[in-house]
Amino acid sequence: MASRTRVDAENLVKLLKSRGYPVYILTPQQAHARDKLYRVQVGPFITRVAADATRDKLEGEGFRPFVVR
């Protein structure tokens with residue numbers, strides 16, 4: 001997820017952490033982005049298989065995740 005507000009990003013992090021996901025926020029500066037979006041990311045994962053399995057689990061929970069290389 002990307003959010004314009006840090007509060008919304010932090011709320012999602014709290015939710016995902018409560019479900020056991022390894023999750024963190026990237027600020028626009030950390031992402032080297034020209035936008036003002038806070039990015040919520042799950043991971044990192046050692047293998048693509050692990051990343052895909054987590055993506056599938058998140059989809060089953062109603063999220064729309066994607067895997068970034």
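**Before you click**

You're looking at a predicted model, where local features need pLDDT of at least 70, side-chain atom pairs count only at pLDDT 80 or more, and totals for chains, interfaces and linings use all residues. Residues are numbered from 1 along each chain as its sequence is written, and side-chain values use heavy atoms, with hydrogens and water left out.

**Stop 1: the whole chain**

Show the protein chain as a cartoon and you'll find two helices and three strands. Helices here are DSSP runs of H or I with at least four residues, strands are runs of E with at least two, and both are numbered from the N terminus. Followed along the sequence, the pattern reads β-α-β-β-α. The radius of gyration is 12 Å, close to the 11 Å that the globule rule gives for 69 residues, so the chain is as compact as a globular protein of that length. (That radius is taken over C-alpha atoms, and the rule is 2.2 Å times the number of residues to the power 0.38.) Along the principal axes, the C-alpha atoms fill a box of roughly 30 × 25 × 15 Å.

The accessible surface comes to about 5,300 Å², and 53% of it belongs to carbon and sulfur atoms; the areas come from the Shrake-Rupley method with a 1.4 Å probe, and for residues only the protein chains shown count as cover. Of the 69 residues, 25% are buried. Buried means under 20% relative accessible area, exposed means over 50%, and partly exposed is in between (1.4 Å probe, protein chains only).

**Stop 2: the nonpolar core**

Select A9, L12, V13, L16, Y21, V23, I25, Y38, V40 and L58: these ten residues form the largest nonpolar core. Such a core is a set of buried Ala, Val, Leu, Ile, Met, Phe, Trp, Tyr and Cys residues joined through side-chain atoms within 4.5 Å. Colour by element of structure and you'll see that α1, β2 and β3 each supply at least two residues of this core. The largest share, four residues, comes from α1.

**Stop 3**

Which residues does L16 contact, beyond its neighbours within four places in sequence? They are Y21, V23, V40, V42, L58 and F63, with contact meaning heavy atoms within 4.5 Å.

Next, pick L12 in helix α1 (residues 6–18). L12 counts as buried because its relative accessibility is 12%. Leaving out residues up to four places away in sequence, L12 touches M1, V40 and F63.

**Stop 3: the loop between β2 and β3**

Start at T27, in the loop between β2 (23–26) and β3 (38–42). Is T27 buried or exposed? At 13% relative accessibility, T27 is buried. Past its neighbours within four places in sequence, T27 contacts R6, L37 and Y38.

Move on to A31, which lies in the loop between β2 and β3. A31 is partly exposed, with a relative accessible area of 25%. Not counting residues up to four places away in sequence, A31 touches L26 and R39.

H32 also has its place in the loop between β2 and β3. With 75% relative accessibility, H32 counts as exposed. Check the backbone here: phi of H32 is near 55°, a positive value in a residue other than glycine. Then draw a line from H32 to E61, which are 29 residues apart in sequence and 30 Å apart in space, C-alpha to C-alpha.

**Stop 4: a cis peptide bond**

Zoom in on G43 and P44, which are joined by a cis peptide bond with omega about 0°. P44 sits in the loop between β3 and α2 (48–60). For background, most residues other than glycine have a negative phi, and most peptide bonds are trans.

**Stop 5: helix α2**

Finish on T54, which lies in helix α2. T54 is buried, with a relative accessible area of 15%.
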